[in-house]
Amino acid sequence: VRLGGFLREEAKGDRPRQALFWRSGKTVDALSGNLDGMKALLEASKLAEALPADQTWMGGEALFEFSNAAAAAAAAEGPIADVLADPGKRAKLAYFGLVTSSLSNIFGTQMSGAFGLTAGFSSLDGD
């Protein structure tokens, strides 16, 4: 969701000034920090250990994707306008988006389903 506001399918459509913290050059740091916090929460909560025995693999899958996200974010460091202007860094940021989509699926569909939970119509409104 946070990437979609400024990162478009084609570079010519990118909107760097729509990114969080674009003026400070900390957009990627903020995105990376969000995922670091989510990873820390997963580990501290021991949520993966609470999954049914045949589905604990989801915890490893999530940790693998957190690692991929961290590597992609590290490769896309710098002010967001510069990142978007550099094809290599932009590609890493786009990959970061794919990884976060995978994480959303792991938590929002796979893990929640394993716990018998479903997302409601307002699951993204901040409540």
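Asp 14 and Arg 90 are both buried, a word that stands for under 20% relative accessible area, while exposed stands for over 50% and partly exposed for anything in between (1.4 Å probe, protein chains only). These two residues form a salt bridge in which the closest N and O atoms are 2.7 Å apart, the term salt bridge meaning a side-chain nitrogen of Lys or Arg within 4 Å of a carboxyl oxygen of Asp or Glu. The pair links distant parts of the chain, since Asp 14 belongs to the segment before α1 (27-45) and Arg 90 to helix α4 (residues 87-114), 76 residues apart. Side chains of opposite charge can pair when their charged atoms come close.

The model described here is predicted, so that local features need pLDDT of at least 70 and side-chain atom pairs count only at pLDDT 80 or more, whereas totals for chains, interfaces and linings use all residues. Residues are numbered from 1 along each chain as its sequence is written, and side-chain values use heavy atoms, with hydrogens and water left out.

The whole structure holds four salt bridges. In one of them, the side chains of Lys 12 and Glu 10 meet at 3.7 Å, N to O, and here both residues are exposed. In another, Lys 26 pairs with Asp 29, their closest N and O atoms being 3.4 Å apart; Lys 26 counts as partly exposed because its relative accessibility is 43%, and Asp 29 is partly exposed as well, with a relative accessible area of 29%.

Turning to the overall build, the protein has four helices and zero strands, where helices (H or I, at least four residues) and strands (E, at least two) are DSSP runs, numbered from the N terminus. Along its principal axes, the C-alpha trace spans about 45 × 30 × 25 Å, and buried residues make up 31% of the 127 residues.

Helix α2 (residues 57-75) has 19 residues and should span 27 Å at 1.5 Å a residue, which agrees with the 28 Å between its end C-alpha atoms; the expected span is 1.5 Å times one less than the number of residues. Among the buried residues of α2 are Met 58, Gly 59, Ala 62, Glu 65 and Phe 66, and what covers the buried residues of this helix includes α1 and α4. Asn 68 also lies in helix α2 and counts as buried because its relative accessibility is 18%. Leaving aside neighbours within four places in sequence, Asn 68 is in contact (heavy atoms within 4.5 Å) with Tyr 95 and Val 99.

Leu 42, for its part, lies in helix α1 and is buried, because its relative accessibility is 6%. Beyond its neighbours within four places in sequence, Leu 42 is in contact with residues including Gly 59, Ala 62, Phe 66, Phe 107 and Met 111. By contrast, the C-alpha atoms of Leu 42 and Pro 52, which are 10 residues apart along the chain, are separated by 16 Å. For the protein as a whole, residues 24 or more positions apart account for 64% of the contacts with a separation of 6 or more.
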